[in-house]
Amino acid sequence: IRDGFHGLMSPEDYSDGGLINLSRESVRGISHLGGTIIGSTNKGNPTAYPVQQEDGTWVEVDRTHELLERFKEAGIDALVTVGGDGSLSIGNHLFQHGLRVVGVPKTIDNDLDKTHVTFGFDTAVDFATECIDRLVSTATSHNRVIVVEVMGRTKGWIATYAGIAGGADAIIIPEHEYDIEEIVATLRRRHRKGIKYSIVVVAEGVAPPPGFEPVEQRKDAFGFDRLGGVGYAIAAAIEARTGFESRVSVLGHVQRGGTPSAFDRVLATRLGVGAADFAIEGQSGVMAALRSERIVAVPLSEAVDSIRGVPERLYETAQTFFG
Ligand code: F6P
């Protein structure tokens, strides 16, 4: 535990070797908050933990057994892993090494196949949709193309949902190969019909158009590509080909924070209660999942095995309204 959150946790709460007792009192009144109250971060991996050497270089060390020892010493008999495929895969790894683990699917990306939906996604879609609605005003008033860049490293759920909800004229997502010339042709057709503005929604993980470099070329502390900015390359390519003024709005991390939607609050509550029940029942190596309105336990190994992209049929529905 590195820190408290908004002063909700007093130093006494985390003075005991970094442990917080998550009592009713300590979690009271937090359901309207985003972020993490325990100050956890989700991109570390105990199997490849970065350790800095004396010469300043970093090596990856497998700290699985050390971690298991620490769980044992602390008297923790079950771990509840809350996160997306990365965090849940780590949970699954620890389960395979003998720890009792229950997963809770939480990711803005909505890409876990074994649950109907993950919490965080609905809030992000609502926010991105409101942003698109607002951007339409500038697009129409100034006859501009506006490229709206949303989150999505490998899957384009937010782009597709917010794009459909916001009436996007084109949606570019990682799982559907795009041709910038086709996008341009769509926007030109609109102009010929007298509609002089367009909204193009882009997932931040898509490749830039040919001839353009990613704007952000650095890696994060865990070796992942830092994302953000591909919308600029796409807007430049559109403007170069059409002459239409093309502007960019990168929504970035504002999609992650703030007030969760009522849907996400209820889903998170139900999955949390489900996970606690599964742990108390003695289940392990499972993930709480929403299936046909019921919270059920699905094998964690299966949950992390298949990442779900936007189905072609859904993308085609969005495409029906392009242009
Ligand atoms: O994995 C979740 C996710 O939110 C992706 O959708 C997003 O593209 C990525 O993380 C960006 O995260 P950050 O900029 O914080 O590294």
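Author: Let's start with one residue. Arg-313 is exposed, as its relative accessible area is 58% and exposed means over 50%, buried under 20% and partly exposed in between, with a 1.4 Å probe and protein chains only. This is a predicted model, where local features need pLDDT of at least 70 and side-chain atom pairs count only at pLDDT 80 or more, while totals for chains, interfaces and linings use all residues. Residues are numbered from 1 along each chain as its sequence is written, and side-chain values use heavy atoms, with hydrogens and water left out.

Reader: Which helix is the place of Arg-313?

Author: Helices here are DSSP runs of H or I with at least four residues, strands are E runs of at least two, and both are numbered from the N terminus. The run that holds Arg-313 covers residues 312–319. That makes the answer helix α10.

Reader: What distance separates the C-alpha atoms of Arg-313 and Thr-118?

Author: Along the chain, Arg-313 and Thr-118 are 195 residues apart.

Reader: Is His-176 buried or exposed?

Author: His-176 sits in the loop between β6 (170–172) and α6 (180–192). Not counting residues up to four places away in sequence, His-176 touches Glu-312, Tyr-315 and Gln-319, where contact means heavy atoms within 4.5 Å. Its relative accessible area is 18%, so His-176 is buried.

Reader: What is the relative accessibility of Pro-260?

Author: Pro-260 belongs to the loop between β8 (246–250) and α8 (262–281). Beyond its neighbours within four places in sequence, Pro-260 has contacts that include Ser-31, His-32, Leu-33 and Thr-123. Pro-260 counts as buried, with a relative accessibility of 15%.

Reader: Which residues touch the most other members of the largest nonpolar core?

Author: A nonpolar core is a set of buried Ala, Val, Leu, Ile, Met, Phe, Trp, Tyr and Cys residues joined through side-chain atoms within 4.5 Å. The largest one has 56 residues, and helix α4 (residues 121–142) gives the largest share, eight residues. A second, separate core has 16 residues, including Leu-68 and Val-298. Back in the largest core, the residues that touch the most other members are Val-200, Ile-234 and Ile-238.

Reader: What is the phi of Asn-143?

Author: Asn-143 lies in the loop between α4 and β5 (145–150) and counts as partly exposed at 43% relative accessibility. Asn-110 also has a positive phi, near 55°, but Asn-110 is buried at 3% relative accessibility. Asn-143 is not a glycine, yet its phi is positive, at about 50°.

Reader: How many helices and strands does the protein have, and what is its radius of gyration?

Author: The count is 10 helices and 10 strands. The radius of gyration is taken over C-alpha atoms, and the globule rule is 2.2 Å times the number of residues to the power 0.38. For 323 residues that rule gives 20 Å, and the protein comes close to it, so it is as compact as a globular protein of that length, with a radius of gyration of 22 Å.

Reader: What share of the residues is buried?

Author: The C-alpha atoms fill a box of roughly 70 × 55 × 40 Å, taken along the principal axes. Of the 323 residues in the protein, the buried ones make up 40%.
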